[in-house]
Amino acid sequence: METVNIHEAKTHLSRLVEKAARGEPFIIAKAGKPLVKVVALDQPSETEKQRFGFMTGQIVVPDDFDRMGSDEIENLFGTGA
């Protein structure tokens with residue numbers, strides 16, 4: 001991954017942003033110390049955890065899930081038969 005100093009980043013910002021948008025992230029450093037990483041918005045970070053679907057196959061939702069406990073709830077509110 002390319003590392004550029006702040007002065008170079010300011011001078012060549014358009015070129016660097018285009019590269020990042022094409023999937024070539026870069027790091028901006030100050031006095032040799034990395035400060036920020038620039039990546040395309042639709043490109044997930046290397047350390048970003050993808051949580052969606054992390055328990056796939058481990059949980060089963062019953063078919064009557066939306067009716068579970070309905071008798072008890074009706075009795076609590078006095079609407080039961």
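The model is a predicted one.

Strand β1 covers residues 2-5 and runs parallel to β2, to which 4 bridges join it. Within this pairing, N5 stands opposite A29 of β2. On β2 there is also a pairing with β3, this time antiparallel and made of 5 bridges. One of the residue pairs here is F26 with V38, the latter in β3.

β2 spans 26-30 and β3 spans 33-38, and A31 sits in the loop between them. The two strands form a hairpin with 2 residues between them. A31 has a positive phi of about 55 degrees, although A31 is not a glycine. A31 is counted as exposed because its relative accessible area is 84%, where the cut-off for exposed is over 50%.

A polar atom of the T56 side chain lies 2.6 Å from the backbone oxygen of G53.

V61 belongs to the loop between β3 and α3 as well. With a relative accessible area of 56%, V61 is exposed. V61 is also one of the residues of a nonpolar surface patch, together with F54, M55, I59, F65 and M68. The accessible area of this patch comes to about 630 Å².

Key. Residues numbered from 1 in each chain as written. Predicted model: local features only at pLDDT ≥ 70, side-chain atom pairs only at ≥ 80, totals over all residues. Heavy atoms only, no water. Buried < 20%, exposed > 50% of the residue type's maximum accessible area, 1.4 Å probe, protein only. Polar contact = N/O pair within 3.5 Å; in protein donor to acceptor, adjacent residues only side chain to side chain. Patch = residues over 30% accessible without salt bridge, like charges linked within 9 Å, V, L, I, M, F, W, Y side chains within 5 Å. Areas by Shrake-Rupley, 256 points an atom, 1.4 Å probe, with all protein chains shown as cover. Salt bridge = Lys/Arg side-chain N within 4 Å of Asp/Glu carboxyl O. Pairing = 2+ DSSP bridges.
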